[in-house]
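Subject: Structure handover

Hello,

The structure is placed below, and my notes on it follow. Please read them with the coordinates open.

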Amino acid sequence: MSFKIKKAAVLGAGVMGATIAAHLTNAGIECYLLDIVPFELTDADKKKGLTEKSPAWRNRFADNGLAGIVKAKPAAFFTKDNAPMVKTGNFEDHLNWLAEVDWVCEVVIENLKIKQELFAKVEKIVKPTCIVSTNTSGIPIADITAKFGKGLKERFLGTHFFNPPRYMKLLEIIPGAETKKEIVDFMTTFCEENLGKGVVICKDVPNFIGNRIGVFDIANGIRLMVEKKLAVEQMDAIIGKALGRPGTALFGTLDLVGLDTGAHVMKNLYEAVPKDESRDIFIPMDFMNKMLEQKWLGNKTKQGFYKKVKDAKGKSSKLMLDYNTMEYVPTSKPRIASVSNAKKKSDDGVAVTVKMMFAANDFAGDVVREYLCNNFIYAANRVPEICDNIVGIDNAMKWGYNHQLGPFETWDAVGVKEAVEVMKQLKKTVPKKIEEMLKKGCTSFYKVENGVKSYYDFESKGYVALEENPKIILLPSLKERQKVVASNKSATLVDIGAGVVCLEFHTKMNAIDDGMIEMLDKSCDIVLKDFSGMVVANHAAQFSAGANIFKVLLACQKGDWDVLEALVAALQNTNMRMKYLEKPVVTAPAGLALGGGCEIAMHGVRCIPCGETYMGLVEVGVGVIPAGGGTKELALRCTEGLPHGVVEAGLNLQPLYAKAFENIAMAKVATSAVEAKELGLIRKTETVCMNRDQQIWEAKQMVLGLAKNHKPGRQALIPVMGENFRGIAEAVLYNMRKGNFATEYDMHVAKKVAYVLSGGECAEGTYVTEQELLDLEREAFLSLCGESRTQDRIMSMLTTGKPLRN
């Protein structure tokens with residue numbers, strides 16, 4: 001039986017259900033969002049003239065759920081234009097809609113009786129090919145499906161999303177005892193490729209993998225903090241980035257998730273795992289119960305482990321909870337030698353900093369050793385209870401809790417044998433399976449031989465090759481296999497097979513410097529001679545955060561105008577070369593693509609962005625304009641496709657150019673690839689890749705398709721408005737200044753943007769070449785760099801991370 005999902009239904013319109021519905025629309029899937037009918041009319045309802053038959057009353061919960069996600073921050077939708085793809089209704093009037101959907105995902109309250117009663121109705125309506133799932137995080141699938149018929153049991157599974165669904169990579173799939181393998185396989189592929197998820201297959205056990213291991217990790221940290229008599233901020237400093245944890249560390253993460261949520265999962269686990277050797281760790285500590293009583297739940301109540309306050313002058317400061325007195329006290333940014341030393345080595349990778357912390361000879365080292373050893377032992381004891389191998393646990397913690405390394409990868413980083421010796425020193429019980437592993441001479445959980453990565457399997461007591469997904473191209477692996485074609489300190493050209501190369505940036509934040517520009521140009525030479533085409537992409541969190549503004553500032557301060565002009569011209573020329581190369585170049589941005597990074601992404605013959613691409617021409621923030629071809633490219637894109645002769649016939653170009661001007665002058669940043677299309681930074685015809693892991697593969701396929709019949713284009717002629725546009729722009733800027741929305745210098749910079757977009761000194765309806773606009777870009781950029789106020793803005797950005805409003 002073949003399956004497809006074109007339309008879905010989400011049952012339950014709370015925060016989780018509504019945000020799942022929103023993410024389904026991000027994947028292009030229309031969705032019904034249903035919830036219960038309110039219990040009774042309120043006095044306010046009656047004053048509005050609502051009755052029990054009014055759709056506005058009957059659909060209230062679903063309508064409120066949709067309204068909430070439209071306004072949600074961070075955004076649940078790629079674009080608010082997706083909202084009409086969600087149709088709201090209720091369980092009493094609209095359950096028959098389920099007859100036409102391909103997937104039903106239940107996200108109602110965690111109550112077994114309610115779920116069973118709802119599914120009894122659903123079972124009678126859905127078609128025999130409809131896949132049905134639950135988002136439960138704690139109720140066994142076996143209990144939910146106990147009264148199902150055979151057909152539904154075969155098509156039913158758990159699909160446990162992590163919150164928020166758009167941003168959290170982990171999706172746990174939990175098959176029931178009778179779930180067909182073809183359903184599990186289909187949903188795994190669908191969720192990976194269409195929803196961008198990292199899927200882990202779990203066993204039907206309490207809290208599955210992510211929350212079982214993740215909540216232990218948090219509870220372990222809390223108990224150690226109390227035992228060691230540490231402050232909240234001290235523990236967060238220790239169990240922070242040096243251990244591969246997110247910037248929110250332990251207690252910032254709890255504040256983000258909500259203490260009520262964390263405590264609920266802990267209590268649920270305690271009751272559900274009576275045979276767990278570490279069960280008592282899930283009992284919330286007394287001070288946590290007091291926090292719950294006081295409603296100090298974290299960010300949602302504006303105070304939890306941390307609290308932000310303002311003094312009489314409006315200056316913000318951060319307080320932390322003293323859990324002994326239950327009072328908030330000022331934070332002090334603790335200075336811990338081992339943490340500082342590890343921070344200095346952060347560029348060497350988290351494996352290095354974890355090892356440093358584990359070996360540290362201070363109180364932080366003591367904490368880390370006990371904390372990690374507890375985590376290691378607990379994770380090892382959960383195989384095969386919660387999943388069949390170590391890989392699922394590692395992936396769940398990386399994708400669901402934003403750890404850079406999973407527990408077994410972390411164990412490898414500090415040394416398996418070394419950690420076992422510490423466990424014995426701390427008088428902890430070393431899992432028998434680990435002792436057996438070491439006796440066999442297996443000293444790591446993962447190893448790479450001849451380019452093949454394997455993991456240690458406790459059942460077979462040997463290494464098993466990791467199953468490779470052909471759609472995931474890993475540049476580090478290809479480098480290990482000697483596939484580097486060319487390299488310098490800023491970028492590397494890697495052969496990714498089938499006649500295609502990938503240019504990978506690797507400066508800090510992938511900031512553009514002369515080395516990167518040189519490698520871009522050199523790569524074009526190499527591709528022309530030896531390859532079919534090129535992808536420009538990388539695995540870093542950011543595609544490119546823009547130009548190296550420190551080097552720009554140095555050149556300004558030294559008065560090296562010739563050097564700076566040459567650098568800008570080189571970026572312009574290289575971008576134009578990529579765009580019109582005789583072999584196809586496809587860019588694949590993801591994460592931040594700002595300033596010059598945005599300009600590089602815009603100059604491929606095609607662009608295949610990841611859905612989570614945050615793109616913008618933001619140069620005005622530091623007092624300059626986009627000068628790598630970005631201003632030119634927006635002018636071109638806002639006018640391309642106009643029928644021949646319409647400009648000469650008097651077509652008003654103002655609405656088109658006004659949008660381009662606004663995007664640059666206001667430094668707008670798209671919060672998704674779809675928004676980037678709306679801003680004109682990505683063409684609307686481009687495909688969005690939902691799964692970052694598969695983005696390079698998809699870009700490679702695009703290159704191969706283009707290469708079969710690639711004909712480079714010719715430089716375009718762009719119709720401009722000349723002085724008329726500058727007059728319109730100056731009127732808008734005047735009003736912004738009067739309303740105090742812009743400073744005098746903001747206006748000065750914006751006028752330079754308007755001058756370039758206008759085409760310079762020419763009449764309305766004049767056609768200019770791309771090169772003419774590039775020349776205007778470069779001239780405006782250099783003139784602004786020579787001004788002290790621009791240099792002050794660059795300095796402010798470098799020292800404070802914020803643009804100066806001067």
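The buried residues of H4 pack against H1, strand S2 (30–35), helix H2 (43–47), helix H3 (55–58) and strand S3 (86–90). Helices (H or I, at least four residues) and strands (E, at least two) are DSSP runs, numbered from the N terminus, and contact means heavy atoms within 4.5 Å. Helix H4 covers residues 60–70, and its buried residues are Arg 60, Ala 62, Gly 65, Leu 66 and Ile 69. Buried is under 20% relative accessible area, exposed over 50%, and partly exposed in between (1.4 Å probe, protein chains only).

This is a predicted model: local features need pLDDT of at least 70, side-chain atom pairs count only at pLDDT 80 or more, and totals for chains, interfaces and linings use all residues. Residues are numbered from 1 along each chain as its sequence is written, and side-chain values use heavy atoms, with hydrogens and water left out.

Domains next. The assignment, which is automatic or from a database, gives domain 1 (7–201), domain 2 (210–249 + 274–282 + 293–463) and domain 3 (476–797). The centres of domain 1 and domain 3, taken over C-alpha atoms, are 40 Å apart. In their contact, domain 1 supplies 15 residues and domain 3 supplies 12 residues. About 1,000 Å² is buried between domain 1 and domain 3, with 47% of that from carbon and sulfur atoms; buried area is the accessible area (1.4 Å probe) that two parts lose on being put together, summed over both.

Two salt bridges cross the interface of domain 1 and domain 3, where a salt bridge is a side-chain nitrogen of Lys or Arg within 4 Å of a carboxyl oxygen of Asp or Glu. Arg 166 and Glu 612 also form a salt bridge, at 2.7 Å from N to O.

The salt bridge count comes to 54. One of them joins Arg 382 and Glu 277 at 3.0 Å, N to O. Arg 382 is in the loop between helix H16 (363–381) and helix H17 (390–401), and Glu 277 in the loop between helix H12 (259–272) and helix H13 (286–294), so the pair ties together parts 105 residues apart in sequence. Arg 382 is buried at 4% relative accessible area, whereas Glu 277 is partly exposed at 47%.

Glu 633 pairs with Arg 683, with 3.8 Å between the closest N and O atoms. Glu 633 is buried at 0%, and Arg 683 is partly exposed at 24%. Both belong to a salt bridge network that also includes Lys 579, Lys 632, Arg 637, Glu 640 and Glu 770.

Regards
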